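Open the model in your viewer and keep the selection tool ready. Work through the stops in order.

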Amino acid sequence: MEELFLITEPNRHYGCRINDDIVWNGIHSILMQNELLQILIHTGKGSEITQFLYKPRDIDFIWHNPHELHNPALFTTSAGDDASPLFDHWSGGWFEAVPNAGPACTYKGAPLGFFAETINMPWHYKILQDDPGCVKVALWARTYRTPFILRKTLTLKSNIAALFIEEQLDNDSKEDMEYMWMHHPVLGSPFLDETCRIDCPDCKVNIWIDEDGPGYRMELNQESTWPFVKGLNGEKVDLRKVLSRDAGTMDNSYLSEFKEPWISVTNPTKKLGFGLAFDPEMWKYILLWQGYGGGSGYPWFHRTYHLGVEPWSSYQCAGLENAINNGTARTLKAGESVKTWLTAVIYQSDDQVNRITRDGKVAFAE
């Protein structure tokens with residue numbers, strides 16, 4: 001006989017499991033786990049991920065900045081600058097933003113803030129699957145100033161050290177809408193150090209303006225081929241090498257036209273790595289945000305050490321209006337939807353990565 005409905009086990013302590021009865025630093029949150037990963041998602045704060053923990057080594061890959069994680073609804077910022085709502089409430093977690101990525105702008109009469117609109121706002125959720133072999137949660141949000149609906153599923157499978165993300169963006173209006181879309185995973189200590197190596201397939205590299213103040217080490221407004229770019233004094237800079245926190249630099253490099261859609265960061269000393277496989281139709285660019293102890297003044301004050309490995313639909317980190325002007329903003333026609341995916345994986349090896357696929361498999365160079 002077919003079951004009337006499935007009964008979940010909220011106290012299950014083995015295999016895949018999910019707990020949505022959590023308030024973390026005042027924020028409603030969800031904890032997803034399997035035998036290898038523990039993922040913390042804040043439904044009350046933009047569905048931001050602030051823990052991507054690899055259990056066998058007790059290493060959390062997410063960078064945490066000096067700000068304490070808190071509920072934006074319970075904390076009033078004192079500044080009125082357009083960037084402060086992001087920086088005052090951001091503790092370093094993995095967020096995503098649509099339709100504006102970067103500084104504030106006005107689009108179709110709507111004032112869009114810095115990385116608006118999906119950060120900080122509460123998201124709805126529903127647990128779709130909860131059994132030892134697989135857990136899956138659906139999350140969705142409707143933007144306030146623009147007519148978008150963003151929905152996604154996060155999935156963990158038994159004994160696979162990968163988070164599977166599938167997403168859909170809807171234009172819930174009778175007008176064509178332009179947008180930027182980006183994910184903002186940032187790696188930090190204790191995983192990140194100066195022994196780390198970045199691997200990716202052949203691709204183009206662009207460096208444009210100085211986006212984070214003085215302290216950059218690469219020549220601006222240049223185009224090159226991975227992995228080498230020109231330094232400020234014309235020297236050859238190898239982007240595969242992660243610098244120490246004492247370097248005091250902060251740079252943004254945009255990678256595009258990938259031979260294959262993946263990128264990885266390996267710590268050979270720890271024999272551990274983080275990788276992304278991504279939908280090449282949506283994520284045309286990977287922004288390497290290289291904060292190696294740099295960034296003077298607000299909001300960094302030379303206090304940060306991190307590496308952002310960020311999928312972007314458009315370039316650069318200068319807002320939707322800029323992306324429209326440079327022709328990289330995407331358009332969603334009235335009433336239409338678009339789907340995309342990402343896979344984030346942890347692996348144990350010090351070898352050079354040769355490929356990462358959507359199913360979370362990692363191949364290494366022989």
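This is a predicted model: local features need pLDDT of at least 70, side-chain atom pairs count only at pLDDT 80 or more; totals for chains, interfaces and linings use all residues.

**Stop 1: the five-strand sheet**

Start with the open sheet. Its five strands come in the order β1-β2-β3-β4-β5, and their pairing is antiparallel. Go to the edges: β1 (17–24) and β5 (59–60) each have a single partner strand, so one side of each is left without a neighbour in the sheet.

Now show β3 and β4. These two run antiparallel and are joined by six bridges.

**Stop 2: T43, between the strands**

Select T43. This residue is in the loop between β3 (37–42) and β4 (48–54). Is T43 buried or exposed? Its relative accessibility is 3%, so T43 counts as buried.

The side chains of T43 and H28 make a polar contact of 2.6 Å. Then widen the selection. Beyond its neighbours within four places in sequence, T43 contacts H28, S29, I30, M121, P122, W123, Y125 and L139.

Over its ring sits the charged end of K152, 4.8 Å from the ring centre. For another example, show K236 and F228: the charged end of K236 sits over the ring of F228, 4.8 Å from its centre.

**Stop 3: T50, in β4**

Move to T50, in strand β4. T50 has a relative accessible area of 6% and is therefore buried. Which side chain does the T50 side chain meet in a polar contact? Show H42: the distance is 2.6 Å.

Leave out the neighbours within four places in sequence, and T50 touches L40, H42, D60, I62, H64, L69, S91 and G93.

**Stop 4**

F95 belongs to strand β6 (residues 95–97). With 3% relative accessibility, F95 counts as buried.

Its contacts, again leaving aside neighbours within four places in sequence, are E48, L86, W90, F115, I119, M182, H183 and H184.

**Stop 5: the cores**

Follow that list to F115. The largest nonpolar core holds 101 residues, and F115 is among those with the most contacts inside it, together with M32 and L255. Colour β24 (residues 285–292) next: this strand gives the most to the core, with six residues.

Back at F115, show the contacts beyond four places in sequence: L86, F95, A97, N100, A101, G102, M182, W312 and C317.

There is also a second, separate core of nine residues. Among its members are A162, W341, Y347 and V353.

**Stop 6: aromatic pairs**

Display the rings. The model has 24 aromatic pairs. Begin with F87 and F114. F87 is in helix α1 (residues 84–87), while F114 is in the loop between β8 (110–112) and β9 (124–131), 27 residues away. F87 and F114 are buried.

Now zoom out to the ring cluster. Ring pairs link W63, F87, W90, F95, F114, F115, W289, Y298, W300 and W312.

Then go to Y347 and F364. The ring centres are 5.7 Å apart and the planes stand at 65°, so this pair is edge-to-face. Y347 is in strand β27 (residues 337–347) and F364 in strand β29 (residues 362–364), so the pair ties together parts 17 residues apart in sequence. Y347 is buried, at 5% relative accessible area. F364 is partly exposed, at 27%.

**Stop 7: β22, an enclosed strand**

Finish on strand β22 (residues 262–267). Six of its six residues are buried, so the strand is largely enclosed by the rest of the structure. W262, S264 and T266 point one way, and I263, V265 and N267 the other.

Show the partners. Strand β16 (residues 197–199) pairs with β22 in the antiparallel sense over three bridges; D199 stands opposite S264. Strand β23 (residues 272–278) also pairs with β22 in the antiparallel sense, over six bridges. The bridge partner of N267 in β23 is L272.

Last, look at the hairpin of β22 and β23. Four residues lie between the strands, and K271 takes a positive phi near 55°.

Terms used: Residues are numbered from 1 along each chain as its sequence is written. Side-chain values use heavy atoms; hydrogens and water are left out. Buried means under 20% relative accessible area, exposed over 50%, partly exposed in between (1.4 Å probe, protein chains only). A polar contact is a pair of N or O atoms within 3.5 Å; within protein, one must be able to donate a hydrogen and the other to accept it, and residues adjacent in sequence count only if both atoms are side-chain atoms. Contact means heavy atoms within 4.5 Å. A nonpolar core is a set of buried Ala, Val, Leu, Ile, Met, Phe, Trp, Tyr and Cys residues joined through side-chain atoms within 4.5 Å. Two strands pair if DSSP finds at least two bridges between them. Rings of Phe, Tyr and Trp (its six-membered ring) pair if their centres lie within 6.5 Å; planes under 30 degrees apart count as stacked, over 60 as edge-to-face and the rest as tilted. A charge sits over a ring if NZ of Lys or CZ of Arg is within 6 Å of the ring centre and within 35 degrees of the ring normal.
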